[in-house]
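Reader: Hi! I'm new to protein structures and get lost when I look at everything at once. Could you pick a single part and take me through it slowly, then show me what lies around it?

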Amino acid sequence: MTTKSAAAATRATVHGYPRQGRNRELKKAIEGYWKGAVTAQALLATAADLRRGNWQQLADSGIEEVPTGDFSLYDHVLDTTVAVGAIPLRHRAAVDADPLDGYFAMARGTQDVAPLEMTKWFDTNYHYLVPELGPDTVFTADSAKAVGELTEALALGHDARPVLVGPVTYLLLAKPAPGVAADFEPITLLDRLLPVYAELLAALKAAGARWVQLDEPALVQDRTPAELNTAARAYRELGALTDRPKLLVASYFDRLGEALPILAKAPVEGLALDFTGPAAANLDDLAAVGGLPGKRLVAGVVDGRNIWINNLERSLATLATLLGLADRVDVAPSSSLLHVPIDATTERDIDPQIARWLAFAKQKAAETALLARGLREGTGAITADLAANRADLASRATSPITRAPAVRDRVAAVTGADARRAQPYPVRAEAQRARLGLPLLPTTTIGSFPQTTELRVARADLTAGRIDSAAYRERMEAEVREVIAYQEKAGLDVLVHGEPERNDMVQYFAEQLTGYLATRHGWVQSYGTRYVRPPVLAGDISRPHPMTVDWFRYAQDLTDRPVKGMLTGPVTMLAWSFVRDDQPLGDTARQVALALRDEVTDLEAAGAAVVQVDEPALRETLPLRAADRPAYLDWATESFRLATSGVRADTQIHTHMCYAEFGAIMTAIDELDADVISLEATRSHMEVAGELAAAGYPREVGPGVWDIHSPRVPSTDEAVELLRAGLAAIPAERLWVNPDCGLKTRGWTETRASLDSLVGAARRLREELAG
């Protein structure tokens, strides 16, 4: 192994690429299929066109080895479930009858069958569908997708590398199937699963694969010795196979830690490691284990999760060090580019100075190829590119856009008392009950109501200048009137205005805060066909004017029932944005919190008795390593309290979280000191209620009883059953009744029917409790 030979072999690759298409063609095709307006053949043809376009775009950017298998109609973990034959029993008939409809039934459910649980992919805002496994699970190989997409790429002349979720990560992400004992550990199924992976690998080799990438991001988390031993055994057995391609085991999002020496010694031909952010520790750790003699290293030196340009000289320095630690060093982003938008050059409305600082997927691929060229040919070959990169980095570092002295002075003046309510919870609870006068098991929704086609058309008409702001306001007010009237008729106790004017729960606020900028085409997949446009946090944050107060006043004047003021919390404002990488996240969170604090106090002054500050991202942003979590939770919970602690005792503060595993943050949930918390609970069968009870959580809780990410309408009996499970853990005096999440993705027909079930369930249980 020599530095010269390693550099000479250097190539550029990526782990994965955005799936949706430049104009979200995949979303439109899939949703058209669901509605019966697009045939299965047309949908699959659109998907194939998008794959071809992605591979060609990568090749045009200088990527010499393209990934296959990363493309998905819904979720790559669900694709793995299909590939290993782990179809839940309740979905097998649908899959057998029509594999495509069965696939979507697992993802979304049907009126008769519940979908798979959905939760966050590590600490990203992407959601995956959780495999359900049990002692009786039988795995069978289905290589059709993996082989088919590889064959497509090879036929087009690309050097292609199939990507699969690795067996250890797949099992560690799984949960016990319904009816299986909660203490069942899916990792115990490894011996059954490995032969199936062996079949998949053999099929891919036969189809022409020279390398296969097995993604094992679960190994960057804290793992027990038993789990690490299982990983070692898995790759000893896979490595010992004779009928297989070369294996590249990939990790990302953090440092490998204890798993690095295990994988370094495994009989596989290559490792892909992240060298950005906290994963930069992989560099020293790799040197400490003696490097990867005789192996390929795919070095993730371009941040695959954020949108700022790469520091090319710093990355080249890292790569130069790595040349001495492996037989061959290739260059890549740190993770799949699934987590960033497609192309920054389409953002023509962004300040040209800021545009120089941005790199989306297409630009990151080009940066990756440029770094590979610089490593292979020497920096002299890219002198002009390095000079331009230095100038762009200097422009950002010295720009007045990034610093506002008044904002920094206000943050510096914050004291501990500013982040604590003046009264303890029992005092507040008594005052709030007296003010609100709510019944037992009060009913509410999480905030948004259906975002209909008419609302989207009105927003597009305003943007295009076809209507003026007065006409737009009139249309939104009509929607608010309808939503308030409906909620009164339906019998809900605490109302919302429905948020018709909001394009997104983060973007809406970002567009009104200084320091943020919004994109027009920066779509990123959140789950399935749900795409979001994360705003870009470019500078210091402040609130020039109230953002929601007028809408609250309008809605509250329409009803005698309490209407919630609705805000997005500081952690979520960061987590669902592309954040600054030039200052600590905690500093940015405090800036956002102070802006929100002004909004909360203005809502209270306008008469709001209930203000909800949503923090669905609190769990997803939790660092993957336990040692890094206390510092994060300190600033995360402090920023929430800073935003909400300036109100009177009788003003009730709500928060909301959804689609995450909450057990790891029970102490932090308590530290938020919210008066009421609503959480997703339907797909997880009310597990969170028991977790809160076990943790001694003392405040009011609304565990969801309607899964709003599925089109199915729950019956009143179903909602009653879930609420009874909740009541087994939480006293009726502290239990609220609500959906899992906001209703913007649902239609009015299912919304009315589902809320009738929800309200009916609350009334039935009130009667039972009173009797």
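**A close look at one residue**

Author: Happy to! In this predicted model, Pro703 touches Leu679, Ala681, Met686, Val688, Leu735, Trp736 and Asn738, leaving aside residues up to four places away in sequence. Is Pro703 buried or exposed? Its relative accessibility is 1%, so Pro703 counts as buried, the cut-off for that being under 20%. Position along the chain is another thing to check: Glu258 is 445 residues away from Pro703 in sequence, and their C-alpha atoms are separated by 37 Å.

Now let's step out from the residue to the element that holds it. Pro703 belongs to strand 20, which covers residues 700-703. As background, strands of a sheet pair through backbone hydrogen bonds, either parallel or antiparallel.

Strand 18 (residues 652-657) and strand 19 (residues 676-679) are joined in the parallel sense by four bridges, and His656 has Ser678 of strand 19 opposite it.

Most residues other than glycine have a negative phi, and most peptide bonds are trans. Asp673, however, has a positive phi near 60° without being a glycine. With a relative accessibility of 14%, Asp673 counts as buried.

You can find another case of this kind elsewhere in the chain. Phe253 is not a glycine, yet its phi is positive, at about 85°. Phe253 sits in the loop between strand 8 (246-250) and helix 11 (259-265), and is buried at a relative accessible area of 5%.

Let's return to helix 24 (residues 585-605), which also has a helix partner. Its axis and that of helix 17 (residues 405-412) come within 10 Å and cross at roughly 90°. The two helices are therefore roughly perpendicular to each other. Val407, Arg408, Arg410 and Val411 of helix 17 meet Arg590, Gln591, Leu594 and Asp598 of helix 24. Sorted by class, that contact has three nonpolar, one polar and four charged residues.

For another helix pair, look at helix 5 (residues 89-97) and helix 6 (residues 99-108). Their axes are 5 Å apart and the packing angle is about 150°, so helix 5 and helix 6 are roughly antiparallel to each other. Their crossing is right-handed. On the helix 5 side, the contact is made by His91, Ala94, Val95 and Ala97, and on the helix 6 side by Pro99, Gly102, Tyr103, Ala105 and Met106. By class, this contact has seven nonpolar, two polar and no charged residues.

Strand 12 (residues 514-517) and strand 15 run antiparallel and are joined by three bridges, with Tyr516 standing opposite Leu537 of strand 15. Strand 15 (residues 536-542) is mostly covered, with six of its seven residues buried.

Terms used: Residues numbered from 1 in each chain as written. Predicted model: local features only at pLDDT ≥ 70, side-chain atom pairs only at ≥ 80, totals over all residues. Heavy atoms only, no water. Axes fitted to C-alpha atoms, helices over the stretch in contact; angles between N-to-C directions. Parallel < 35°, antiparallel > 145°, perpendicular 65-115°, else oblique. Contact = heavy atoms within 4.5 Å. Nonpolar A, V, L, I, M, F, W, Y, C, P; charged D, E, K, R; others polar. Buried < 20%, exposed > 50% of the residue type's maximum accessible area, 1.4 Å probe, protein only. Pairing = 2+ DSSP bridges. Left-handed = near helix turned anticlockwise from the far one by under 90°.
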